[in-house]
Amino acid sequence: MRASRFHLATLKETPVDAEIVSHQLMLRAGMIRRHAAGIYSWLPLGLRILRKVEQIVREEMDRAGALELLMPSFQPSELWQESGRWDQFGPELLRLKDRHERDACIGPTHEEIVTDIFRREVNSYRQLPLNFYQIQTKFRDEIRPRFGVMRSREFIMKDAYSFDLDRDAMQRSYDIMDQAYIKIFDRFGLDYRAVSADSGAIGGSTSQEFHVLAESGEDAIAFSDQSDFAANIETVEALPPAAERAAPAADMETVDTPGMHTIDDLASGLGISARQCLKTLIAEAEDGGLVALVLRGDHELNVLKAERLAGVASPLRLAQREQIIEVLGNDIGSIGPIGLAIPVFVDHSAARLSDFVCGANQDNKHLVNANWGRDCDEPVSVDIRNVVAGDPSPDGKGELKILRGIEVGHIFQLGQKYSESMQATVLDEQGKAIVPFMGCYGIGVTRVVAAAIEQNHDDKGIIWPESLAPFQLAICPINYHKSEIVKQAADDFYQQCLDRGLEVFLDDRPLRPGVMFSDMELIGVPHRVVFSERGLGAQQFEHKGRRDSEAQELPLDELPAFIEKLASSSWAPG
């Protein structure tokens with residue numbers, strides 16, 4: 001591709017509304033342009049990279065035996081009502097009416113559609129197993145789209161759906177997809193982790209997420225330093241402390257704490273550690289009342305764990321300040337578990353504390369040296385916190401470490417959730433109708449592009465893994481339009497690269513070398529070759545890998561070997 005025939009729309013300045021690195025660099029590199037909140041067009045450069053991701057996904061899905069189809073974005077409400085999700089999915093489901101006033105939605109996912117296809121097309125056990133997949137646009141009406149294509153409203157996703165006769169067969173299909181995903185993410189060239197996860201709105205039992213590791217990741221991943229255990233932090237069990245609770249060492253006292261409304265205020269004001277304080281959160285109960293959730297001051301509530309407790313409203317809703325004052329008689333900053341006349345759930349770590357500090361259930365007052373069993377009843381001890389680095393691994397092997405990750409893939413064992421509700425059946429060997437078991441397998445194609453940038457960039461721009469780069473090689477001839485020698489060398493080399501099947505970009509624009517080099521570094525081309533009159537006079541060309549700190553001069557007679565190296569994908573970038 002010649003630059004003079006390509007729309008390379010780079011920007012020097014970082015757009016003010018771009019919050020994270022991938023959003024900034026995708027705009028600056030001319031990969032995407034915004035039309036509305038969470039709505040983007042993919043320009044030619046960005047689309048080349050997007051297609052690379054799609055191709056890798058498509059090849060590995062095909063190798064795994066999945067069959068590609070294409071399903072509609074516009075979905076009739078009747079199918080969603082059959083599955084029970086029309087009212088359950090929430091405001092992210094973009095509902096609309098057609099000209100005949102029939103309810104419909106723009107698909108955020110396709111479980112209903114694919115199940116409808118299955119029940120219309122498949123009727124015998126002999127046709128199983130089946131795995132259908134598509135790469136297609138989805139729409140989720142995010143309340144606050146942000147971070148560019150990382151959390152947009154319209155996005156491209158690969159979604160696959162397997163159908164099997166029984167649970168064991170479903171497990172085999174799931175395992176095949178698990179291995180296919182490992183191959184896909186290995187081919188992306190990204191540092192990633194596969195972790196156990198919560199199934200969320202999709203439903204089902206077993207599920208696993210694939211995270212690209214990056215400091216900007218929205219998800220926290222916990223993994224053992226001595227085993228293969230890894231999981232999204234929201235699903236990881238926090239084991240009770242091994243040590244028994246210490247005996248009380250002092251009498252309980254009430255102290256004045258004006259202006260101390262947070263754990264940090266309290267710890268600083270009393271000169272103690274936050275881990276010695278209790279944090280009491282008030283949530284809504286299933287029956288419309290209130291419940292208390294108590295944690296150690298240095299720990300964070302795990303919402304998924306809390307909403308699974310008997311009597312707690314799901315989804316979890318923290319009580320409003322006005323309701324707390326009306327029911328409990330005091331403000332939020334001074335609430336504690338002692339004498340609290342509502343159900344109280346205490347996290348295991350908080351339940352092992354002695355001589356702790358907590359709210360006195362009187363405004364601007366706290367209790368110090370409070371103790372379970374002496375100053376109040378023994379607590380109902382539960383696991384409701386997020387694990388932290390240094391916690392014991394739930395598998396009993398080593399300690400947990402925490403990394404940040406960007407979720408780019410998720411695989412589920414759905415079981416019979418959709419096939420049963422939508423009455424999708426096949427006949428078994430005896431002619432009896434049976435309900436198949438389903439699996440669901442997603443990859444956020446547009447999100448992979450952004451995640452790759454978050455993990456691979458420097459102050460000059462993007463550093464693409466070679467499998468995702470828009471071009472393998474950029475040719476930057478100095479004074480291309482003024483020097484016939486340079487033009488001839490660049491054109492000849494360009495043609496040789498094309499003949500060998502390389503994806504090559506010839507920058508034939510009349511630009512200064514610094515501008516050309518900056519553009520190629522910004523868009524992340526893995527290799528750059530420079531031709532100049534001085535170099536050609538010395539029978540040399542210049543090469544610089546995108547990850548190299550310095551360029552190197554190489555003999556012109558090494559150009560054929562250079563091309564072969566790139567063509568065989570055996571180049572090891574510096």
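Mentor: In this predicted model, the second largest pocket has a lining of 20 residues. Those that lie nearest its centre are H261, K279, T280, I332 and G333. The space in this pocket amounts to about 320 Å³. Sorted by class, its lining residues comprise 12 nonpolar, 7 polar and 1 charged. Three elements, α6 (263-270), β14 (278-284) and β17 (356-359), each contribute at least two residues to that lining. Of the lining of the second largest pocket, the largest share is that of β14, with 5 residues.

Rolling a probe the size of a water molecule over the atoms shows where empty space is left. The volume of the largest cavity is about 60 Å³. Its lining is made up of M520, E521, V525, H527, R528, K544, G545 and R546. At least two lining residues come from each of α13 (513-523), β28 (527-531) and β29 (540-545). The lining of this largest cavity divides by class into 2 nonpolar, 2 polar and 4 charged residues.

A further part to consider is a sheet. Three strands form this open sheet, in the order β4-β6-β5 and with antiparallel pairing. Its edge strands, β4 (74-76) and β5 (94-97), each pair on one side only. On average, and with direction ignored, neighbouring strands of the sheet are turned by 35° against each other. Between β5 and β6 (residues 103-106), which run antiparallel, there are 4 bridges. As one example of pairing, L96 has A104 in β6 as its bridge partner.

The loop between α3 (77-83) and β5 contains R85. Is the residue R85 buried or exposed? R85 counts as buried because its relative accessibility is 1%, and buried means under 20%. With the side chain of E112, the side chain of R85 makes a polar contact of 2.7 Å. The side chain of Y418 is joined to that of R85 by a polar contact of 3.2 Å.

To return to the pocket with which this account began: H261, K279, T280, I332 and G333 lie nearest its centre, and β14 supplies 5 residues of its lining.

Note on methods
Residues are numbered from 1 along each chain as its sequence is written. This is a predicted model: local features need pLDDT of at least 70, side-chain atom pairs count only at pLDDT 80 or more; totals for chains, interfaces and linings use all residues. Side-chain values use heavy atoms; hydrogens and water are left out. Two strands pair if DSSP finds at least two bridges between them. Axes are lines fitted to C-alpha atoms, for helices over the stretch in contact, and angles run from 0 to 180 degrees between N-to-C directions. On a 1 Å grid over the protein atoms alone, a cavity is a set of points where a 1.4 Å probe fits but cannot get out, and a pocket is an open set with protein on both sides within 12 Å along at least five of seven lines; lining residues have an atom within 4 Å of a point. Grid points are joined across faces, edges and corners, and a volume is the space filled by probe spheres set on the points. Ala, Val, Leu, Ile, Met, Phe, Trp, Tyr, Cys and Pro count as nonpolar, Asp, Glu, Lys and Arg as charged, and the others, Gly among them, as polar. Buried means under 20% relative accessible area, exposed over 50%, partly exposed in between (1.4 Å probe, protein chains only). A polar contact is a pair of N or O atoms within 3.5 Å; within protein, one must be able to donate a hydrogen and the other to accept it, and residues adjacent in sequence count only if both atoms are side-chain atoms.
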